[in-house]
Amino acid sequence: MYARRAYSLLTLPLVFLLAGCDAVVMSPSGDIAMQQRDLIVVSTVLMLLIVVPVMLLTGFFAWHYRQSNKKATYDPDWHHSTQLELVIWSAPLLIIIALGAVTWITTHTLDPYRKLDRLDASRPIPADVQPLKVQVVALDWKWLFIYPDYGVASVNEMAAPVDVPIEFQITGSTVMNAFYVPALAGMIYAMPGMQTQLHAVINKAGDYQGFSANYSGAGFSHMRFTFKGLDGAGFDQWVAGVRASPAALGREEYLKLERPSEREPVRHYGQTMVGLYDAILNLCVEPTKMCMRDMMAIDAKGGLGLASVYNVSRLSYDAERRRGVLPQPPAEYVTALCAAAPEVMLSPASPPSYGLSRLAP
């Protein structure tokens, strides 16, 4: 008994440590994350409508029908009650129907691929506001953010203007990661050779933490970045500061950055190569590698050589075409592979501006 009390006293300070936790998931700063928070609350309340009464009645029955309570009705032959059966089955059924309806609605409205139609619950998106495009690459073990409309990039730091829709294009370099800014929206996977999307908006200025929510190796614990929510003028100033960096991000620089490393500091690139993200997505940053899209196009034509074209055509399920009912497509063959295009650095002369005057209603 004394050992149990001592253990309780030792673990009591741990409870006070929880007071310092930032429950950002339940107090987000972006509209998408806010709707996800509401979904968690609604689902929990609906389930508690069953859980709480069951727990209370379990305690009540154990106390009321205890052996020492002679006033409780003792009926060992009782076996059925229609009224009780209706309550037991109808209440959970109604909860399941409500949860199903909520899940169906939110599955479509919170689809990360769906473009936003509002800034928050009370404000639609103004017609003159252009979305901010951000290309995200999960590296080992750091994050690369490319701003194609500005021709700049940053490592382990991202900024976005408040109340402006953000369109994310997300991919990875090696293993699967998960892009997650709890204050902004839910987590989205980043996978090599594939692209996922996310549409979100930040409604409050501040510095927020982003990280990978999927274990990806030794440096996973430090694969974190800062997400800056800025007003329009502050974002324009941040872009100007990044553009002032003399560093340029091309093929060679990216291949060096792609190598595994931990605890990478924030770095900025004032210029980026045109089409770099597309080369990363298609796994052909190295000039000697064929892009994945080109390889798939060749395979769609039957592969390399007459033999492979013949073999693929024989495997076709289009019986009508083989019988000559439909016109035969012209023969196409791959005769050569082109080398990678020369690097062209992008630095737009007049990128979108999200200054305060731009966001005024």
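Reader: Which strands does α4 lie across, and at what angle does α4 run to β5?

Author: This is a predicted model. In it, α4 lies across β3, β4, β5 (152–155) and β14, and runs at about 90° to β5.

Reader: In what order do the strands of the open sheet come?

Author: Start with the general idea. Strands of a sheet pair through backbone hydrogen bonds, and the pairing is either parallel or antiparallel. Here the open sheet has six strands in the order β10-β7-β3-β4-β5-β14, and the pairing is mixed. β10 and β14 (267–269) are the edge strands, each pairing on one side only. From one strand to the next, the twist averages 20°.

Reader: How many bridges join β7 and β10?

Author: Five bridges, in the antiparallel sense.

Reader: Which strands pair with β8?

Author: β8 (residues 177–180) pairs with strand β9 (residues 188–190) over three bridges, in the antiparallel sense. β8 is also joined to β11 by two bridges, again running antiparallel. Asn-177 stands opposite Ala-190 in β9, and Tyr-180 has Phe-211 of β11 as its bridge partner.

Reader: Are the residues of β8 buried or exposed, and which way do they point?

Author: Asn-177 and Phe-179 point one way from β8, Ala-178 and Tyr-180 point the other way, and all are buried. For the whole chain, buried residues make up 35% of the 361 residues.

Reader: Which residues have the most contacts inside the largest nonpolar core?

Author: The general idea is that in soluble globular proteins, nonpolar side chains tend to be buried together. In this model the largest nonpolar core has 40 residues, and Tyr-147, Phe-168, Phe-179 and Phe-227 have the most contacts inside it. The elements giving two or more residues to this core are β3 (132–139), β4 (142–147), β6 (157–161), β7 (166–172), β9, β10, β12 (224–230) and α4 (232–243). Another core, of 19 residues, lies apart from it; among its members are Val-137, Ile-146, Leu-249 and Met-273.

Reader: What is Phe-227 in contact with, leaving aside its neighbours within four places in sequence?

Author: Phe-227 is then in contact with Met-158, Ala-160, Ile-166, Val-181, Leu-184, Ile-202, Gly-206, Asp-207 and Tyr-208. Over the whole chain, residues 24 or more positions apart account for 69% of the contacts with a separation of 6 or more.

Reader: Where is Asn-203 found?

Author: Asn-203 is in the loop between β10 (196–200) and β11 (206–212).

Reader: What does the side chain of Asn-203 make a polar contact with?

Author: The side chain of Asp-163, at 3.0 Å. Leaving aside neighbours within four places in sequence, Asn-203 is in contact with Ser-29, Gly-30, Asp-31, Leu-119, Arg-123, Val-162 and Asp-163.

Reader: How many helices and strands are in the chain, and what does its accessible surface come to?

Author: There are 10 helices and 16 strands. The accessible surface comes to about 22100 Å², and carbon and sulfur atoms hold 64% of that.

Definitions and conventions: Residues are numbered from 1 along each chain as its sequence is written. This is a predicted model: local features need pLDDT of at least 70, side-chain atom pairs count only at pLDDT 80 or more; totals for chains, interfaces and linings use all residues. Side-chain values use heavy atoms; hydrogens and water are left out. Helices (H or I, at least four residues) and strands (E, at least two) are DSSP runs, numbered from the N terminus. A polar contact is a pair of N or O atoms within 3.5 Å; within protein, one must be able to donate a hydrogen and the other to accept it, and residues adjacent in sequence count only if both atoms are side-chain atoms. Contact means heavy atoms within 4.5 Å. Buried means under 20% relative accessible area, exposed over 50%, partly exposed in between (1.4 Å probe, protein chains only). Accessible areas come from the Shrake-Rupley method with a 1.4 Å probe; for residues, only the protein chains shown count as cover. Two strands pair if DSSP finds at least two bridges between them. A nonpolar core is a set of buried Ala, Val, Leu, Ile, Met, Phe, Trp, Tyr and Cys residues joined through side-chain atoms within 4.5 Å. Axes are lines fitted to C-alpha atoms, for helices over the stretch in contact, and angles run from 0 to 180 degrees between N-to-C directions.
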